[in-house]
Amino acid sequence: MLVGLSIKMNMKTLSEAKVGEWLKIVGFAGEGDGVQRRFLELGFVPGESVRVVAKSLQKKVLLVEVKGYLLSVRTDLLQKVQVM
Amino acid sequence: MLIKKKNAAATAEIEMSVATDVSIENCDKKCEVCLKNKNCEADLRNKNIGVVLKNKNFANFKKCKKIGKKCEKNAKKPQKIAKNDENFLEVLLVGNPNTGKTTIFNSLTCSDEHVGNWHGVTVENKQKPFVFDGQNFMLVDTPGLYSLCPLSFEEEVAANTIFEHSGCKIINLCDQNNLKRNLYLTLCLLESGANVVVAVNEIDKEPIYKVDCKKLSAGLGAEVIAIDAERKSTLVSLKKALCKKQNSKGKTPRLPYLEKLPFDKEILKKWLFEAKNSKKTQKKAHFLNFSENFWIMKAYEKDKKFFENLGLDAQILFDAVPKDSVQILAKVRYDFIEKLLSSCAQRTDKVYGKSPLDKIFLNKFLAFPIFLCVLAAIFYLTFFSLGGFLSDLFSGALSALCNPITNFLRVHFGEGFVTDLFENAIFGGIGTVLAFLPQVVLLFFFLSILEDSGYLSRVAFIFEDILGRIGLSGKSVYTLLMGFGCSTTAIMTARNMDDRNAKIKTAMLCPYMSCSAKIPIYTILGGAFFGAKNIFVIFGLYFLGVFVALCLSKILDKSVLKSKKQSFILEFPPYRASSPKRLAKIVWKNVKEFLLRVGSIMICVNIIVFLLSNFSFSFAYVPKSGGTSMLQQFGKILAPIFAPLGFGNWAVVSALLAGLVAKEVVVSSIAMFNGVETSATKLLAQSVLLPTSVVFFASKASVISFLVFCLLYTPCLASIAMLRAEIGGKWTIISVCLQLAVGWLSAFVIYNICLAVEVFGAWAVAKVALGALVPLLAVWVLARKIARKKLCQHCNGCTRNCKKR
């Protein structure tokens, strides 16, 4: 119980990440759908290290580095990606 | 040369095989016919092949083309590809977006399809034959895709092509710099039991991954070849591999990770047996030829859409896999790739697509000004400095060429119909448009450089915030920017939007982007009235087009075309400079297209307009016999509609009407009506100012309103046809009506403002406008605040910065 709680405390979504901070992907929130599958196909697999490289003006899109390439993704989609 | 000859032989063979079975009963056959014919048609432009076709039985070719068109109507949307004839071996070109598939396609088949540094340039299948070692191949270029579970329209096209051609050879193109993610698709293909040749595309000299192809080949259990579109020797080795695979049965893929994925094979066997016997699948029997692994993977991927399309219930399969099967599968695949690459590739620290330039281009404060400067520079160079200079040179050369011919005609035919036809319709009309060849080509040239550079992805990134607010996506930037070149081709690229509504919206907004065909109108009319100040008029018009498009998007988003939250996922390609060879190709291609357009549509329309404007309803030649011409009478009926816009003149209205076919015709018609005889744009500009000429604009206000109407009304027939194909008849009608209405209204408003400025002076009008704007703005802000207070459910009456929102 306690362990679970501590993990939850540390857990955040990729949309909240700061620029330049390396994070590890833990899992995905919500039901598995097409978007989640696409994330996995693009390399957002659990255990993978990712980081946000840049943010757009209103922070609605983030530039994410994953598997050695860059991808710009909308923040509302990144809310589903749980990281640590 | 040898290859070209062989190509020619191949095309002739298609044509022969087509000619043998031209019957109308079997529609599937016909579709194959028509698709092949499309190739013939395209190849016809390549002279070497065209000659063979012409020499052989050209009549048959025409006959097939007719039937081909018929079945094109019968056939449903998904593009069918000609099935394996005995002569042809089909090869699919498959890979992630922006890996250079079309570049390879172009060099393999000696063709000239559109390429660019952006994902989603190719949105439909393209196929062409090539010959190697006595074997005829039919190469099919597919749109890019990430895996066999498609999300967007063009991915679906690619995935369905792969499914429907399960026995075909597949060239899986992988970008050397982004190998990890590219190999993911390779694994998907190998699992499905496809016949894959992996081609590692060596675009850069200093790649991020240095791959040992032999080791990779051993690791994957599939043929791996390094290729480079520039080096012919690598292409030959690819072709050899295609031949070799056909002889030996090929290696079996080694995918040890599949054992880690538990699945009860009994369930699958039972399910497959039922599926094979069910009536629903009989039409789609080719699907059931896939390996067992393919079905297990599909169950693991939980690809519900795939099974729905097949008409099968796969709940049993979904129940048989673990709960988070999608994650497990992706993890296992990527782990395999990581392991594989660590043994057979050296990796540098570089990140694909990352560049120090991004610090400037994505900077909060610099991003927008830089983008605007880039656009302004492009238009300035096209319209004024470089473009203007080239256009003047070209125009001079043209009139020097035309004059002797008109003199010759005058001497031999005297004054009369024939001389008039050549002087007015051909030299005057076509010549004026032709004089703009340098400018139009220049604009396409700059847009292509922009497209190749990779900067557009950055622009999409910057604009996502703003465009998201008005219901578009950053991806629309590409489509809209291409709209500055040609609306018709731009509309097609709207396909790479993920959301149907966003696709319709983007396609509908394309025509408001001022296309290259409008350059002559702005330059001639604007130049005549405003001289050096024309630069402001032209920039104003471009700005107005964009502004109207954005406003419309917001309105459409609020009313009929609400877009769901878009899945905005966009790759960042690296910056690339176009090679000199490619630049030369771009120029040549656009020159060719422009000349073809002028030589075909423009001449036809011009002659029709000439005949209509010079013959009365009793078929008397007006300049000789007097009376009113057909066009004049017709124009007079429509003229009152345009009277409030300041140009209620039959000739102007007729020019606009003819401009519906193609925008260049507006200028050529005006030249014809005003009796401009040679391709001198300056003469035409002067004639518009003369009160005695047929097309005459009384004031600057009426010219501006005319320009605005030209900017906003329906661009051309081709774009309407394209809209119909892409977004359906209903939306096309709405779109065309909207264009006319918006064009008329905007021209009306601007005409009246301009009139007011002319009468009362600019300062007075500005004062009145300011006086009206301030209270309106105040009311709007108040109304918004009240509405927000009511809406916020998280807290009672919060401000705009409420964090809970």
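Predicted model: local features only at pLDDT ≥ 70, side-chain atom pairs only at ≥ 80, totals over all residues.
Colleague: What makes Glu155(B) and Arg38(A) a salt bridge?

Modeller: The side chains of Glu155(B) and Arg38(A) approach to 3.1 Å, N to O. The rule asks for a side-chain nitrogen of Lys or Arg within 4 Å of a carboxyl oxygen of Asp or Glu, so the term applies. The count between chain B and chain A is four salt bridges.

Colleague: Which elements of chain B give two or more residues to the side that touches chain A?

Modeller: They are α7 (179–191), α14 (325–344), α20 (455–469) and β9 (569–571) of chain B. With six residues, α14(B) gives the most to that side. The residues on this side of chain B divide into 18 nonpolar, six polar and 17 charged.

Colleague: How many residues are in contact between chain B and chain A, and how much area do the chains bury between them?

Modeller: On chain B 41 residues are in contact with 35 residues of chain A. The two chains bury about 3500 Å² between them, with 60% of it on carbon and sulfur atoms. Across this interface, 18 residue pairs are in polar contact.

Colleague: Why are strand β5 (residues 69–74) of chain A and β9(B) said to pair?

Modeller: Three bridges join β5(A) and β9(B) in the antiparallel sense. Pairing requires at least two bridges, so the two strands qualify. Within this pairing, Leu71(A) stands opposite Glu571(B).

Colleague: What is the strand order of the open sheet that includes β9(B)?

Modeller: Seven strands form the sheet in the order β1(A)-β6(A)-β2(A)-β3(A)-β4(A)-β5(A)-β9(B), with antiparallel pairing. β1 (12–13) of chain A and β9 of chain B are the edge strands, each pairing on one side only. Inside the sheet, four bridges join β3 (residues 49–55) of chain A to β4 (residues 61–66) of chain A. There Val52(A) stands opposite Val64(A). Chain A as a whole has three helices and six strands, and buried residues make up 52% of its 84 residues.

Colleague: Why is strand β2 (residues 126–132) of chain B called largely enclosed?

Modeller: Seven of its seven residues are buried, so the rest of the structure largely encloses the strand. Lys126(B), Lys128(B), Phe130(B) and Phe132(B) point one way, while Gln127(B), Pro129(B) and Val131(B) point the other way, and all are buried. Seven bridges join β2(B) in antiparallel fashion to strand β3 (residues 135–141) of chain B. In that hairpin, which has two residues between the strands, Asp133(B) takes a positive phi near 55 degrees.

Colleague: How do you know whether Glu423(B) is buried or exposed?

Modeller: The relative accessible area of Glu423(B) is 3%. Buried means under 20%, so Glu423(B) is buried. Glu423(B) lies in helix α18 (residues 417–434) of chain B. Leaving aside neighbours within four places in sequence, its contacts are Thr406(B), Arg410(B), Gly428(B), Val676(B) and Glu677(B).

Colleague: What are Arg333(B) and Glu301(B) called, buried or exposed?

Modeller: Arg333(B) stands at 1% relative accessibility and Glu301(B) at 5%. Both values fall under 20%, so both residues count as buried. Arg333(B) forms a salt bridge with Glu301(B), the closest N and O atoms being 3.2 Å apart. This pair links α14 of chain B with helix α11 (residues 292–301) of chain B, 32 residues apart. Glu191(B), Lys298(B), Glu301(B), Asp303(B) and Arg333(B) are linked in a network of salt bridges.

Colleague: Why are Glu156(B) and Lys305(B) counted as partly exposed?

Modeller: Their relative accessibilities are 25% for Glu156(B) and 39% for Lys305(B).

Colleague: What makes Asp358(B) and Arg458(B) a salt bridge, and where do the two residues lie?

Modeller: Their closest N and O atoms are 2.9 Å apart, and the limit is 4 Å, so the pair meets the rule. Asp358(B) lies in helix α15 (residues 358–361) of chain B and Arg458(B) in helix α20 of chain B, 100 residues apart. Asp358(B) is buried at 8%, and Arg458(B) is buried at 0%.

Conventions:
Residues numbered from 1 in each chain as written. Chains lettered and ligands numbered in written order. Heavy atoms only, no water. Contact = heavy atoms within 4.5 Å. Buried area = accessible area lost by both parts, 1.4 Å probe. Polar contact = N/O pair within 3.5 Å; in protein donor to acceptor, adjacent residues only side chain to side chain. Nonpolar A, V, L, I, M, F, W, Y, C, P; charged D, E, K, R; others polar. Buried < 20%, exposed > 50% of the residue type's maximum accessible area, 1.4 Å probe, protein only.
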